[in-house]
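New notebook page. I want to look up how the pieces of this fold sit against each other, and I'll jot things down as I go.

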Amino acid sequence: MRAILPAFHQQSLKMPAPQNRFKSRLAAGEVLIGAWLGLADPYAAEIAATAGFDWLLIDGEHAPNDLRSILAQLSVVEASGSSPVVRLPMGEDWAIKQALDLGAQSLLIPMVDSAAQAQALVRAVRYPPRGVRGVGSALARASRFSGIPDYLATADAQIWLGVQVETRAGLAALDGILAVEGVDGVFLGPADLSADMGYLGQLDHPEVLAAISDATRRIAAAGKAPGIIWTDEPNASRAIAEGARFVATAIDVITLAGAMRRAASSGKALRERVTAGAAPGPA
């Protein structure tokens, strides 16, 4: 036993941060299909995590999520075959630090309009001297609470950083953003982009679609992963054909709301059919 323990201890000291399958699969050239989690509930997230999507986005921008609800959903998605991606409401260093310490390895940051913003985000997800991420891994879930001895030395390599380009300013700065080392993917936001272009609510306006197509090809040509959300098959199909690599095709809120509305409508129609054919009661 005395001879075995030192060898085991030496081996444990070389334990690296967990592999980020979302990052490695995109790096291998795969096209990954995902869904948006906006219900802000771990039970709903677990249902989505058993559905078979390649990745699931836990939305902290437009869904009523806080740090604890993100953590609860992150836990159930990690335990599934789907890869979790966390979207923060902003790219502040302190918010990124907290999400990474929770164990998030893939982050999506909205409203990036310049190369300078992108560079600041890259520094926020990396430890010094390459970045400014605070060193608190000793008490963090990301290091399995100090259970991964080599976490500090290996964490940076497993972080995937995606930035959202969803304004005309962002499109104008796209080449500069793509030149920033450490930006792994660029997500195009059809809703915000269409609004900024003057076509609020018209996600499939020809000018919007043309801008998205051009940006998708430029992102792919730069060796980054283009991403987008389209819940209709024609737009999703075109995006993949043009080079999109991580594509969300469903939103849990919309899926549930649509199913419940159809169920209510069917139930009322059933009631009308039955009551219309019922025999009149006694006078």
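In which sense do strand 5 and strand 6 pair, and over how many bridges? I looked it up, bearing in mind that this is a predicted model. Strand 5 covers residues 160–165 and strand 6 covers residues 185–188. They pair in the parallel sense, over 4 bridges. I also picked out one position here: Gln164 has Phe187 of strand 6 standing opposite.

I found a closed barrel of 8 strands, in the order 1-2-3-4-5-6-7-8, and the pairing is parallel. From one strand to the next, I get an average twist of 25°.

Then I checked what lies on the sheet. Helix 13 (residues 252–276) packs there and touches strand 1 (32–37) and strand 8 (246–251). I noted an angle of about 30° between the direction of helix 13 and that of strand 8.

Last stop for today: a pair of helices. Helix 3 spans residues 42–49 and helix 4 spans residues 67–78. Their axes are 9 Å apart, and the packing angle is about 25°. Angles under 35 degrees count as roughly parallel, so I put helix 3 and helix 4 down as roughly parallel to each other. The crossing is right-handed.

Who makes the contact? On helix 3 I listed Pro42, Ala45, Glu46 and Ala49. On helix 4 I listed Ala72, Gln73, Val76 and Val77. Sorted by class, that contact comes to 6 nonpolar, 1 polar and 1 charged residues.

Notes
Residues numbered from 1 in each chain as written. Predicted model: local features only at pLDDT ≥ 70, side-chain atom pairs only at ≥ 80, totals over all residues. Heavy atoms only, no water. Axes fitted to C-alpha atoms, helices over the stretch in contact; angles between N-to-C directions. Helix = DSSP H or I, 4+ residues; strand = E, 2+ residues; numbered from the N terminus. Parallel < 35°, antiparallel > 145°, perpendicular 65-115°, else oblique. Left-handed = near helix turned anticlockwise from the far one by under 90°. Contact = heavy atoms within 4.5 Å. Nonpolar A, V, L, I, M, F, W, Y, C, P; charged D, E, K, R; others polar. Pairing = 2+ DSSP bridges.
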